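Here is a short tour of one protein model, written for someone who likes to know the cut-offs behind each term. Have a look at the chain first, and then we can walk through it together.

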Amino acid sequence: MRLQEKGYCLETNHAKLASIDDQSPVAGRIVERVESRVKWLLVYFSGDLILLTHMLMHGSWHIYRRGERWQLPRSQMRVVITTERIEAVAFEVPVAQFHTARSLERHTSLPKLGPDILKPSFPENEAESRLRAHPDEEVANALLNQQVMAGIGNVFKSEICFACGIHPFRLVANLTPSEITCLLDTARKQLSANVLESSTEGPVTYSGGRRTHRILDAGARLWVYGRSGRTCRRCGTGILTRKQGAQARSTYWCSECQPGLDEPDGQPL
Ligand SMILES: [Zn+2]
């Protein structure tokens, strides 16, 4: 997602943000990723610039298509990031700061990340106990929780659960030790493999299809993510989807390959 080269790409009434944007403009940078840590939201721009916001009680981020009507009044707007297609608007965020990776490290009130899954020294025991510390969390949510372990995004959480045959809405408390080992091993394998893939094509977990030409459909390279209503590549059952967690992120699964929780109509209980 590249920010507009010209015109207003960052609009803010936080004076400090505006002055940093003047010195080191965000225009033309790429939004590389967005990460949430409890009530903090971090937007990583290319070139080592990170926008950190805190929601406190009333703050929120909304995503709109360009020109779409906002659901909250403009007077509550604190920051707007504009790309060619979308506007990301932060309403009533009391804290908004620009950081570099270094200055972010020194930020004491920001919750620390769990171990980085891509590091060769990834401590599997520690990740397992951090996972076990969230017994009441649904598995796919726990995989997304960057304080448990850092690096798993929304696409991979569904792919990892599928690879291990684990229903994404099961609770962490009910996972067996071998299922936890599977989740951690698969996460490392899938994420490491994708570091080497060209980032323009997006993630790949399924490569059973013909890859003689460039495939643009994201769902063509994955087992379940983005494949709602299409048939499971392993068993032919229809892939299901549902929003999950406080942030209502889309989760995909196969009720046949990941059994145990679905009612006959395919909805998680
Ligand atoms: Zn299946």
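In which loop does Arg-227 lie? Arg-227 is in the loop between H6 and E9; helices (H or I, at least four residues) and strands (E, at least two) are DSSP runs, numbered from the N terminus. With a relative accessibility of 6%, Arg-227 counts as buried. Here buried means under 20% relative accessible area, exposed means over 50%, and partly exposed is in between, with a 1.4 Å probe and protein chains only. From Arg-227 to Thr-241, 14 residues apart in sequence, the C-alpha to C-alpha distance is 8.4 Å.

A word on the basis of all this: the model is predicted, so local features need pLDDT of at least 70 and side-chain atom pairs count only at pLDDT 80 or more, while totals for chains, interfaces and linings use all residues. Residues are numbered from 1 along each chain as its sequence is written, and side-chain values use heavy atoms, with hydrogens and water left out.

## The chain as a whole

The chain has 6 helices and 10 strands. Of its 269 residues, 44% are buried. Among contacts (heavy atoms within 4.5 Å) with a separation of 6 or more, 54% are between residues 24 or more positions apart.

## The zinc site

Which residues hold the zinc ion as protein donors? They are Cys-232, Cys-235, Cys-254 and Cys-257, each through SG, at 2.3 to 2.4 Å from the ion. Donors are N, O and S atoms within 2.8 Å of the metal (3.2 Å for Na, K and Ca); water is not among the atoms, so sites may look incomplete. The angles among the 4 donor atoms run from 100 to 113 degrees, and the site is tetrahedral. For four donors, that label requires all angles to lie between 85 and 135 degrees.

Along the chain, the donors are spaced as C-x2-C-x18-C-x2-C. Cys-235 sits in the loop between helix H6 (177–196) and strand E9 (239–244) while Cys-254 belongs to strand E10 (residues 249–254), so this pair ties together parts that are 19 residues apart in sequence. Cys-235 is partly exposed at 35% relative accessible area, whereas Cys-254 is buried at 0%.

## A covered helix

How many of the 10 residues in helix H5 (residues 154–163) are buried? The count is 9, and the helix is mostly covered. The buried residues include Asn-154, Phe-156, Lys-157, Glu-159 and Phe-162. Just after H5, Gly-165 has a positive phi of about 65 degrees.

Ala-88 is placed in strand E7 (residues 86–91) and is buried, with a relative accessible area of 10%. Leaving out residues up to four places away in sequence, Ala-88 touches Trp-61, His-62, Ile-63, Val-79, Val-80 and Ile-81.

Beyond its neighbours within four places in sequence, Gly-59 contacts Phe-91, Glu-92 and Val-93.

## Positive phi in two loops

Two residues other than glycine deserve a look. Asp-48, in the loop between E3 and E4, has a positive phi near 55 degrees and is partly exposed at 43% relative accessibility. Ala-248, in the loop between E9 and E10, has a positive phi near 50 degrees and is partly exposed at 37% relative accessible area.

Technical notes. Tetrahedral: all angles 85-135°; square planar, octahedral: opposite > 155°, others 65-115°.
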